[in-house]
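Hi,

Here is the structure I said I'd pass on. Have a look first, and my notes follow below.

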Amino acid sequence: MSTAFESGHERSEPGLAEVVGERRHLINLAYRLLGSLAEAEDAVQETYARWYAMSRARQEAIESPGAWLTTVATRVCLDLLGSARVRRERYVGAWIPEPLPDRTEWTGGASGGGGAESTDPVDRVTLDESVSMAFLVVLESMTPAERVAFILHDVFRYPFAEVAEIVGRTPAACRQLATSARRRMRAAHGPAEPVVPEAPEVPAGPAVPASGKAGQAGHAGLVRRFKEAWEAKDIAALVELLDPDATMTADGGGLVGTVLRPVDGSEHIAQYLIHIADKAPGLTLLERTVNGRPGLVAQLAGVTVTVAAFSLAGGRIARIWAVRNPEKLRPWTEDGQS
């Protein structure tokens, strides 16, 4: 959505183009820090509100508006991450990051039409390894400080000296935070998933290597076979496609019915999926990109009711994250595409 800040100020305002041009970067940063597109939008709106609350003289005194906006957005996100733990304790069931679609799969191109640049935040988020569901879930296990240091340095390639200025800590402390975060990421992923390599001391970003076309094709093929087995209600085929120690986690947010605890084990997951298919005979499964990876979308009567993301290990499905909370599915609905 376009902001009042972008349209309500004179084009002659100093640095306006640079300030408005930072919006995409800020949305990318905030979504990775918060795991929620809605909260990322709010954080960026708050950042711009603080910029435009300053006098013209104060704005002109800022040498780098982009650096100022990044610093403020990061600190807003840090505050939100600090309060998120309290909110998550009251959340009904498991909390899973908000899934992102690849808009071209829905509309054949960027939303908005007419050749105009889309202002939809979904279109502004770069889909790479740092927004895969597996990656975002591990980020949730980090402390706010670890998460911020890791995202700024390893994903967006900010030198530790700049990270330190942004978060108000020493470079050495930020380096330790990023190292701890990297250790968590490697422990969680193991050899099955790519981990963001330690970044050089130069700003850039987001800079995360893709898993490659071969890896994506293998992932897509496995998800397709999983879809076909589910549609056929073939328990044996589902069990074969799942790692014996696979886990499925669902997020309904207390707004729709779903399992509140993770389902562990290939046989239990297969039985649960068949149970779902029996309860919803009109369920339609669609192959879609979820956070940059092949995933599935389940629809009833044309309405998206579940978005599923997958993580692989040893050629089998090791993790399934099924988002059912309708508040997290707005980008996937018909209204969200307009």
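Asp 154 and Arg 182 form a salt bridge, with 2.7 Å between the closest N and O atoms (a salt bridge being a side-chain nitrogen of Lys or Arg within 4 Å of a carboxyl oxygen of Asp or Glu). The two sit 28 residues apart, Asp 154 in helix α10 (residues 144–155) and Arg 182 in helix α12 (residues 171–189). Helices here are DSSP runs of H or I with at least four residues, strands are E runs of at least two, and both are numbered from the N terminus. Both Asp 154 and Arg 182 are buried (under 20% relative accessible area; exposed is over 50%, partly exposed in between, with a 1.4 Å probe and protein chains only).

Bear in mind that this is a predicted model: local features need pLDDT of at least 70, side-chain atom pairs count only at pLDDT 80 or more, and totals for chains, interfaces and linings use all residues. Residues are numbered from 1 along each chain as its sequence is written, and side-chain values use heavy atoms, without hydrogens and water.

The whole structure has twelve salt bridges. Another one pairs Arg 224 with Glu 287, at 3.0 Å from N to O. Arg 224 belongs to helix α13 (residues 213–232) and Glu 287 to strand β3 (residues 284–290), so this pair ties together parts 63 residues apart in sequence. Arg 224 is partly exposed at 35% relative accessible area, and Glu 287 is also partly exposed, at 31%.

Then there is Lys 233 with Asp 278, whose closest N and O atoms are 2.8 Å apart.

Cheers
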